[in-house]
Amino acid sequence: APGPRSYTTLRDEAVKLFNSLQQLELERDPVPLMQGILQTCLDLPPLVDEIYCQLVKQTTEPPAPGGQGDLHYWQLLTCMSCTFLPSPPVLHFLRFHLDRRTESRFPASEMAKYACFIREALGKTKGRECVPSLEEILVLMRRQEMICTVHCPGAPACSVAISSHTTAEEVAQELVSRLGLSQSPNLFALYEQSRRREQPVGSTTLLADVLTRFE
């Protein structure tokens, strides 16, 4: 379909993605390549299962378990788990891969830590409007949270730790509590502001998507 990026057939794009995964293993800075793979999956949803299956394959019996190349695959799998849900059959197989093939076989390893993080993320992911920003990918690679700065009228800016699943309503409620406004009869919301416009952020909107739009 017409859009900012031109694609060929799904089969050809699947082959291109596999080649990108092979390249990922050797990349010194894998973040832009990861974001490109995620963007293709967002634009072409039928390829989401394909990438999950390819990543399961790449993280099964790797030549160097826990090596840099292997961890790049786990990091991309982490980003995938915070962005897309696979179909039920692939999700079932993925959980088997995380539990039996990874956490049980390599306890306390970096791979097991990623597997645990991914399993928890899959229970919260509902789909994204945007792929993770470069900053979000960096923090996901470290299994950490992002720091979001919110500017409050009449008060200093507040820093709030958010995950890929944090909604605008959750952040607004936390700020109301911090500022001692829990008993206020007023309603509160977050707004996003650019040079051209200011608009409220929907209560169920993921803050990570807003940050990606800013990027």
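**Close-up 1. Thr-59 and the backbone oxygen of Val-56.** In this predicted model, a polar atom of the Thr-59 side chain sits 3.3 Å from the backbone oxygen of Val-56. Thr-59 itself belongs to the loop that runs between α3 and α4. The side chain of Thr-59 also has a polar contact with the side chain of His-97, at 2.8 Å. Is Thr-59 buried or exposed? Thr-59 counts as buried because its relative accessible area is 6%, and the cut-off for buried is under 20%. Setting aside neighbours within four places in sequence, the residues in contact with Thr-59 are Asp-70, Tyr-73, Trp-74 and His-97.

**Close-up 2. Ser-81 in helix α4.** Here we zoom in on Ser-81, which has its place in α4. Ser-81 is buried, so have a look at the number: its relative accessibility is 0%. Which residues does Ser-81 touch, not counting those up to four places away in sequence? The list is Tyr-52, Ile-118, Ala-121, Leu-122 and Thr-125.

**Close-up 3. The largest nonpolar core.** Nonpolar side chains in soluble globular proteins tend to be buried together. In this model the largest nonpolar core holds 40 residues, and Tyr-52, Leu-76 and Met-80 have the most contacts inside it. Two or more residues of this core come from each of α1 (10–24), α2 (31–43), α3 (47–58), α4 (68–81), α5 (88–103), α6 (110–122) and α7 (134–141). Helix α4 supplies the largest share, seven residues. For a sense of the packing, take Leu-76: leaving out neighbours within four places in sequence, Leu-76 is in contact with Leu-21, Leu-24, Met-34, Ile-37, Leu-38 and Leu-55. Another core, of 18 residues, lies apart from this one, and among its members are Val-150, Ile-162, Val-171 and Ala-172.

**Close-up 4. Where domain 1 meets domain 2.** The chain splits into domain 1, covering 10–141, and domain 2, covering 146–214. Taken over C-alpha atoms, the centres of domain 1 and domain 2 are 29 Å apart. On the domain 1 side, 15 residues take part in the contact, and domain 2 brings nine residues. How much area do domain 1 and domain 2 bury between them? The figure is about 960 Å², with 56% of it on carbon and sulfur atoms.

**Close-up 5. Polar links across the interface.** Two salt bridges are counted between domain 1 and domain 2. Zooming in on a salt bridge, Asp-209 pairs with Arg-128, and the closest N and O atoms are 2.7 Å apart. As for polar contacts, six residue pairs are found across the interface of domain 1 and domain 2, both residues being at pLDDT 80 or more. On the side of domain 1 that touches domain 2, α7 gives the most, with four residues.

Close-up 6. Which residues of α7 are buried? They are Glu-136, Ile-137, Val-139, Leu-140 and Met-141. The cover over these buried residues of α7 includes α2, α4 and α6, along with β1 (146–150) and α9 (207–214). One backbone detail to finish: just after α7, Arg-143 takes a positive phi of about 55°.

Key: Residues are numbered from 1 along each chain as its sequence is written. This is a predicted model: local features need pLDDT of at least 70, side-chain atom pairs count only at pLDDT 80 or more; totals for chains, interfaces and linings use all residues. Side-chain values use heavy atoms; hydrogens and water are left out. A nonpolar core is a set of buried Ala, Val, Leu, Ile, Met, Phe, Trp, Tyr and Cys residues joined through side-chain atoms within 4.5 Å. Buried means under 20% relative accessible area, exposed over 50%, partly exposed in between (1.4 Å probe, protein chains only). Contact means heavy atoms within 4.5 Å. A polar contact is a pair of N or O atoms within 3.5 Å; within protein, one must be able to donate a hydrogen and the other to accept it, and residues adjacent in sequence count only if both atoms are side-chain atoms. Domain bounds come from an automatic or database domain assignment. Buried area is the accessible area (1.4 Å probe) that two parts lose on being put together, summed over both. A salt bridge is a side-chain nitrogen of Lys or Arg within 4 Å of a carboxyl oxygen of Asp or Glu.
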